[in-house]
Amino acid sequence: MKSFIRQEIALPVGLLTLLFFKTLGSDLLTEATPLGIYLPVSAVLLAIVTWAIFSVVRHSDALAIKLGEPFGTLILTLSVISLALLCLVLPNFTEGGNIGSMSSAMSWMLIIISVLLYGVFLLIQTRSHSHFFIDSDHEDYEEHHGPLQSNVYHTLLLLAYLVVVILLAKTLAIPINHGVKVLAAPPALGGFIVACIVLAPEAVGAIKAAFNNQLQRAMNLYFGSVLATIALTVPAVLFIGAMLGQEVRLGLSAADMVLLFTTLMVCKVTFSSGRTNVLHGATHLVLFVVYLFLMFEHE
């Protein structure tokens, strides 16, 4: 029991922090809070979220070791390009009313095909073509990992930490949005920062794999995250919008569509040969910087 508490202390700390901000500390992150209190509280909250994120990575790595890693680049890339164009470009050219929105029938069609395509991907990844997703050159990376427990143990703790990260990220969004407002930055910047926090477990795992020279694992963690985000988040948002009678605009602006097409072409060049170099990485970073600048230009 002592060993469990020592290894998983981030979980009770995260849960207590969440409980605190939902009850006694609910007034600590308001505009009326003095800056001398607001900033330290926000910093502590960010530190606890980051701690939980690394715990997510630790348990996901343990499961990857015990279950094997059926990852693959080509199928993931193709799935992303199926879905990215359908969800983010097609709505600009359909008869759904305002630019970027879709009709009810089109929305339900997109919900169904997104979920089905993700299901097909999971079937291919875990059953019919699992050998495409295995990096056989780096099967010994578990030598540098901590003690391994049962699959159920790591799965339950992984889910618990994910819930803590997501819920604490919602609380952390309060000071983030306040900072965006004070700095007169684009409202989209707040959503971007929260998204980075929520998706940080995958990012940390990919960076860790890259430092270990596990290129296939790093790239597929990234593509797998993108695929799940589009194939599951977009249907969820469309479904909620349909239930509440709210219009959802998915279509990108003209500048963002150009950036999306450019990114997809660069991804094709980067991942089609099976080998990458520093220039490829620098190109992707440049596109990311351009995306950030476009966020401010739109305002």
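# Helices and their contacts in a predicted model

Trainee: Leaving aside its neighbours within four places in sequence, which residues is His-280 in contact with?

Mentor: The model is a predicted one. Neighbours of His-280 within four places in sequence are set aside here. The residues that remain in contact with His-280 are Val-269, Thr-270 and Arg-275.

Trainee: Does His-280 count as buried or exposed?

Mentor: His-280 lies in helix 11, which covers residues 278–297. A residue is buried when its relative accessible area is under 20%. Because the relative accessibility of His-280 is 17%, this residue counts as buried.

Trainee: What pattern does the protein follow when read along the sequence?

Mentor: The protein has eleven helices and zero strands. The pattern is α-α-α-α-α-α-α-α-α-α-α.

Trainee: What percentage of the residues in the protein is buried?

Mentor: The accessible surface of the protein comes to about 17100 Å², and carbon and sulfur atoms account for 71% of that surface. The protein has 299 residues. Of these, the buried share is 37%.

Trainee: Among contacts with a separation of 6 or more, what percentage comes from residues 24 or more positions apart?

Mentor: Contacts with a separation of 6 or more form the reference set in the protein. Within that set, residues 24 or more positions apart account for 79%.

Trainee: What length does helix 2 reach from its first C-alpha to its last?

Mentor: Helix 2 spans residues 10–22 and has 13 residues. At 1.5 Å a residue, the expected span is 18 Å. The model is close to that expectation, as helix 2 reaches 18 Å.

Trainee: Within what arc do the buried residues of helix 2 fall?

Mentor: The buried residues of helix 2 are Ala-10, Leu-11, Gly-14, Thr-17, Leu-18 and Phe-21. Seen down the helix axis, they fall within a limited arc, so they line one face of helix 2. On the other side of helix 2, Leu-16 and Leu-19 are exposed. The arc that holds the buried residues is 130 degrees.

Trainee: At about what angle do helix 2 and helix 6 pack?

Mentor: Two packed helices are described by the angle between their axes and the distance between the axes. The axes of helix 2 and helix 6 are 10 Å apart, and the crossing is left-handed. Residues making the contact include Gly-14 and Leu-15 of helix 2 and Leu-167 and Leu-168 of helix 6. The angle is about 35 degrees.

Trainee: How many residues apart in sequence are Leu-11 and Ala-160?

Mentor: Leu-11 is found in helix 2, and its relative accessible area of 12% means that it is buried. Apart from neighbours within four places in sequence, Leu-11 is in contact with Leu-157, Ala-160, Tyr-161 and Val-164. From C-alpha to C-alpha, Leu-11 and Ala-160 are 7.6 Å apart in space. Their separation in sequence is 149 residues.

Trainee: What distance in space lies between Thr-171 and Phe-21, C-alpha to C-alpha?

Mentor: Thr-171 belongs to helix 6 and is buried, with a relative accessible area of 6%. Not counting residues up to four places away in sequence, Thr-171 touches Leu-18, Phe-21, Lys-22, Leu-29 and Leu-45. Thr-171 and Phe-21 are 150 residues apart in sequence. In space, their C-alpha separation is 7.5 Å.

Conventions:
Residues numbered from 1 in each chain as written. Predicted model: local features only at pLDDT ≥ 70, side-chain atom pairs only at ≥ 80, totals over all residues. Heavy atoms only, no water. Helix = DSSP H or I, 4+ residues; strand = E, 2+ residues; numbered from the N terminus. Buried < 20%, exposed > 50% of the residue type's maximum accessible area, 1.4 Å probe, protein only. Contact = heavy atoms within 4.5 Å. Expected span 1.5 Å × (residues − 1). Arc of directions from axis to C-beta. Areas by Shrake-Rupley, 256 points an atom, 1.4 Å probe, with all protein chains shown as cover. Axes fitted to C-alpha atoms, helices over the stretch in contact; angles between N-to-C directions. Left-handed = near helix turned anticlockwise from the far one by under 90°.
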